[in-house]
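Below is a brisk tour of one structure. It takes the ligand first, then the sheets, then the nonpolar cores.

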Amino acid sequence: MIDTKELSFLKRTIELAKRGLGGVSPNPYVGAILVSAEGEVLGEGYHKKYGGPHAEVLAIQDAQERDGGLNAYKIEGSTLYCSLEPCSHTNKQTPPCTDLIIRKKIKKVVILSVDPNPAVNGSGIAKLLASGIEAYSLTRNSGNSGNNGNSGSNGKEIEAEQSLENTLVREAYKLNQVFFKYISKHQPFVHLKWAQTLDGCVATKGGDSKWVTSENLRREGHKLRLTYDAILVGINTFLNDNPKLDVRYSLLEERKALDDVIARNPYRIIVGNFNKLNLTVLKSLTMLNDELVNRTIIFTPEVFTKEIKHFLYKLRDERGLRFFETKNVLANSRVSLQEVLNQLASLKISSMLVEGGPTITTEFIKQKLFDKISVFMAAKIVGEGLKAIGDLSIFKMSDSINFKIDEVEHIGEELAITLRNCSGLSK
Ligand SMILES: NC(=O)c1ccc[n+]([C@@H]2O[C@H](COP(=O)([O-])OP(=O)(O)OC[C@H]3O[C@@H](n4cnc5c(N)ncnc54)[C@H](OP(=O)(O)O)[C@@H]3O)[C@@H](O)[C@H]2O)c1
């Protein structure tokens, strides 16, 4: 078992990694910290943007430059703590981190998560070990294990250290679960989110949905948006609510204020049959008019209505709208959600927040095409109304779909509940 001091360095790698939130996709979030043989922090780094230097490189660079390079000589023989396994492959924009670690004669590397990227997946650790560096991850014992029982702790301390170690491993996993899915399954991570009343409605029976929850909880929703590559809605929500689906509450500006971090609005995806729309209404909708048109993506069955086709092609050619007429149309003339996910993966969109409405959300559930659910619940009831989830053809309670509750957060008088997909549900 590694000791409390080392665990605190690993905890710091997660804090650092989180500073890249919203900027590195489809890369993982990574933090690294370099510590001298005497236990002093020499340098810190985190991955800030896709294509930019990795956390390990920045931590070493920081150690070389801090205090005018006063402690740079201590890099040799130091320990590098990383939230994710250092890369060892060359088929990317930056050179392998393992080469730099070896060149700098770092003595030990402690890692929270192994990188499941088939191009890495333990080979980073293997390369370090082959160069005589003590290297191991807390999620997989490779070579020198951290569990050597030499920390000198008593029973209670060992228990506390073990529990902190488990918490950190879990946190590191949660931090990069989007990346882990995308890199191993080549499919975007799908997070379903809706806001409902206590009696399960997302709108009144008159269709009014503004607003189900308070401003505080809506702000939390925008924080979620910031961390996803894309937000998807069904065509009815696009028409009825005329949403903008951008990140508000100055959250983008706050991210931008962090050095070198990229902050951008997610792509906005609309799924539905555009043949049924009225051109005048279509022309008036925000997502086809605002400054983010080049971040709007439409998935529709082939459009036969000439005027609508002309309008959408014009927006595509002149303003960068992405417009897909999907080949794979279901029996009810609906777009195949699996095809949408395949297309998004090929656009390097690694994660998506589905913000409704109930028809399309229900379909994601029916087809088991989701990884996580967030229910934002207001302490109010409306009686009859538009239910959050539609028919699932379930007649027996024993056939109900069950979830694991990952987190319940009280925000004022309201709740944000995060549910994990149980085994067998996700494809
Ligand atoms: N409280 C909340 O969190 C929240 C969030 C969002 C929306 N809402 C409310 O929900 C209302 C709209 O919900 P809704 O259920 O009527 O519509 P929706 O889910 O927004 O859109 C449904 C439409 O999506 C299209 N679609 C395309 N492919 C599909 C597929 N594979 N499976 C299912 N649908 C597919 C279908 O239209 P085509 O037949 O044209 O393809 C379908 O009618 C809005 O008025 C809004 O106020 C509430």
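## Ligand shell

Helix H8 gives the largest share of the shell around the ligand, 5 residues. The model is a predicted one. The ligand is surrounded by 29 residues. The closest are Gly 234, Asn 236, Gly 356, Gly 357 and Thr 359. By type, the shell splits into 13 nonpolar, 11 polar and 5 charged residues. Five elements supply at least two shell residues each: strand E6 (189-196), strand E7 (201-204), strand E8 (230-234), helix H8 (235-241) and helix H13 (358-366).

## The sheet of 9 strands

Strands E6 and E8 also belong to an open sheet of 9 strands. Its order is E11-E10-E9-E8-E12-E6-E13-E16-E15, with mixed pairing. Strand E11 (322-326) and strand E15 (403-411) are the edges; each has a single partner strand, so one side of each has no neighbour in the sheet. On average, neighbouring strands here are turned by 20° against each other, direction ignored.

How many of the residues of E6 are buried? The count is 8 of the 8, so E6 is largely enclosed by the rest of the structure. Phe 189, His 191, Lys 193 and Ala 195 point one way from the strand. Val 190, Leu 192, Trp 194 and Gln 196 point the other way.

E6 has strand partners E12 and E13. E6 and strand E12 (residues 351-354) run parallel. In that pair, Val 190 stands opposite Met 352. E6 and E13 are parallel too. There, Trp 194 has Val 375 of E13 as its bridge partner. Strand E13 (residues 372-377) also pairs with strand E16 (residues 414-421), in the antiparallel sense. Ser 374 stands opposite Thr 418 in E16.

| Strand pair | Sense | Bridges |
|---|---|---|
| E6 and E12 | parallel | 4 bridges |
| E6 and E13 | parallel | 6 bridges |
| E13 and E16 | antiparallel | 6 bridges |
| E1 and E2 | antiparallel | 5 bridges |

## The sheet of 5 strands

Another open sheet has 5 strands in the order E2-E1-E3-E4-E5, and its pairing is mixed. Strand E2 (41-46) and strand E5 (134-137) are its edge strands, each pairing on one side only. Neighbouring strands are turned by 10° against each other on average, direction ignored. Strand E1 (residues 31-35) pairs with E2. Val 35 has Val 41 in E2 as its bridge partner.

Helix H2 (residues 55-65) lies across E1, E2 and E3. H2 runs at about 145° to E2.

## Nonpolar cores

In soluble globular proteins, nonpolar side chains tend to be buried together. Here the largest nonpolar core has 43 residues. Those with the most contacts inside that core are Leu 34, Ala 59, Leu 80, Tyr 81, Cys 82 and Val 109. What does Ala 59 touch, leaving aside its neighbours within four places in sequence? Ala 59 is in contact with Ala 32, Ile 33, Leu 34, Gly 43, Glu 44, Gly 45 and Leu 80.

Key. Residues are numbered from 1 along each chain as its sequence is written. This is a predicted model: local features need pLDDT of at least 70, side-chain atom pairs count only at pLDDT 80 or more; totals for chains, interfaces and linings use all residues. Two strands pair if DSSP finds at least two bridges between them. Axes are lines fitted to C-alpha atoms, for helices over the stretch in contact, and angles run from 0 to 180 degrees between N-to-C directions. A residue is near a molecule or strand if its C-beta atom, placed from the backbone, lies within 6 Å of it. Ala, Val, Leu, Ile, Met, Phe, Trp, Tyr, Cys and Pro count as nonpolar, Asp, Glu, Lys and Arg as charged, and the others, Gly among them, as polar. A residue is buried if 20 or more other C-beta atoms lie within 10 Å of its own, exposed if 12 or fewer, and partly exposed in between; C-beta atoms are placed from the backbone. Two residues are in contact if their C-beta atoms, placed from the backbone, lie within 7 Å. A nonpolar core is a set of buried Ala, Val, Leu, Ile, Met, Phe, Trp, Tyr and Cys residues joined through C-beta atoms within 7 Å.
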